Amino acid sequence: MSSKNQPYIKVQDHSVSGETFQLIHNQEMDYLETTPQPSLEKLPDYYKSEDYISHTNAKRNLFEKAYHQIRTISLKRKLKLINSFNTEDKTLLDIGCGTGDFLKTAQTGQWRVFGVEPNEAARSIANTNSNNNVFSTEQLSKFESQSFDVITLWHVLEHLPNLEEQISVFKRLLKPKGTLVIAVPNYKSHDAIFYKNFWAAYDVPRHLWHFSQTSIKALFKKEQMKVVETHPMVFDAFYVSLLSEKYKNKSMNLVRAFFVGLQSNLKAKHSGEYSSLIYVIKNS
């Protein structure tokens, strides 16, 4: 192992396989890499769970109902963000669009929407929300270069194999003055440090990469792209803390999760290290 890559922490897959993975710290780029990474053939097996909430519209219990209510608020905030950009003709590509809720919301803002989603069941739902403009991953190589004013990845970048190759694809598809919007967990947040190997946002091995603010800036600088804004996702601290409590203590302790999430957000007001962050990245 290179001296630039050091073991960071061991984490169990709490939601599907029960397997344990090592996170390796790339000291040069300041991200963590899940090791070993599943093969491309095996990776879909780790998503086969009814509890994988982004692939379903299920509202089976109070937790799922609360998740969907918060998601509605978040969708409005996301639309407000992309509406603030100067664009040519409001073309949007949402990569890893899940069931297409953001695409549906964006259409209310007069955006011309396209989506990419590898999960067939989620893609089928998404197509009902987007006039059948959601495609499998292979479509990324078929879109014309410089096609989109805005490309969004809401908690998707951490799932993608061949990270630097993927970033070069986003660069190709984005218009010269286009905007890339990426939301990812932050392993330097207070809730990550508090829960350690039980931190739910590690979500191995579905999350292949784990980012800091430094790593996001460094990765996109390689493609001559610049982070121009960051925005907190304050709800994530509570959601992640609730799941982390379940993994650590076998029950969702609402009071303790709320306290940890609140403390994480309060600390982040000074440090900037929120549980999850939205990065606004400009082509340059």
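**View 1. A polar atom of the Gln213 side chain lies 3.1 Å from the backbone oxygen of Gly272.** The model shown is predicted. Gln213 belongs to helix 6, which covers residues 213–221. Its relative accessibility is 16%, so Gln213 counts as buried, the cut-off for buried being under 20%. Leaving aside residues up to four places away in sequence, Gln213 touches Thr230, Gly272, Glu273, Leu277 and Tyr279.

**View 2. Helix 7 (residues 234–249) packs against helix 8 (residues 254–271).** The angle between the two helices is about 135°, and their axes are 8 Å apart. This angle makes helix 7 oblique to helix 8, and the crossing of the pair is right-handed. On the helix 7 side, the residues in contact are Val234, Ala237, Phe238, Ser241, Leu242, Glu245 and Asn249. They meet Leu254, Arg256, Ala257, Phe258, Val260, Gly261, Leu262, Ser264 and Asn265 of helix 8. Sorted by class, this contact consists of nine nonpolar, five polar and two charged residues.

**View 3. Leu254 is a residue of helix 8.** With a relative accessibility of 60%, Leu254 counts as exposed, for which the cut-off is over 50%. From C-alpha to C-alpha, Leu254 and Leu243 are 9.9 Å apart in space, and 11 residues separate them in sequence.

How values were computed: Residues are numbered from 1 along each chain as its sequence is written. This is a predicted model: local features need pLDDT of at least 70, side-chain atom pairs count only at pLDDT 80 or more; totals for chains, interfaces and linings use all residues. Side-chain values use heavy atoms; hydrogens and water are left out. Axes are lines fitted to C-alpha atoms, for helices over the stretch in contact, and angles run from 0 to 180 degrees between N-to-C directions. Helices (H or I, at least four residues) and strands (E, at least two) are DSSP runs, numbered from the N terminus. Angles under 35 degrees count as roughly parallel, over 145 as roughly antiparallel, 65 to 115 as roughly perpendicular and the rest as oblique. A crossing is left-handed if the near helix is turned anticlockwise from the far one by less than a right angle, and right-handed if clockwise. Contact means heavy atoms within 4.5 Å. Ala, Val, Leu, Ile, Met, Phe, Trp, Tyr, Cys and Pro count as nonpolar, Asp, Glu, Lys and Arg as charged, and the others, Gly among them, as polar. Buried means under 20% relative accessible area, exposed over 50%, partly exposed in between (1.4 Å probe, protein chains only). A polar contact is a pair of N or O atoms within 3.5 Å; within protein, one must be able to donate a hydrogen and the other to accept it, and residues adjacent in sequence count only if both atoms are side-chain atoms.
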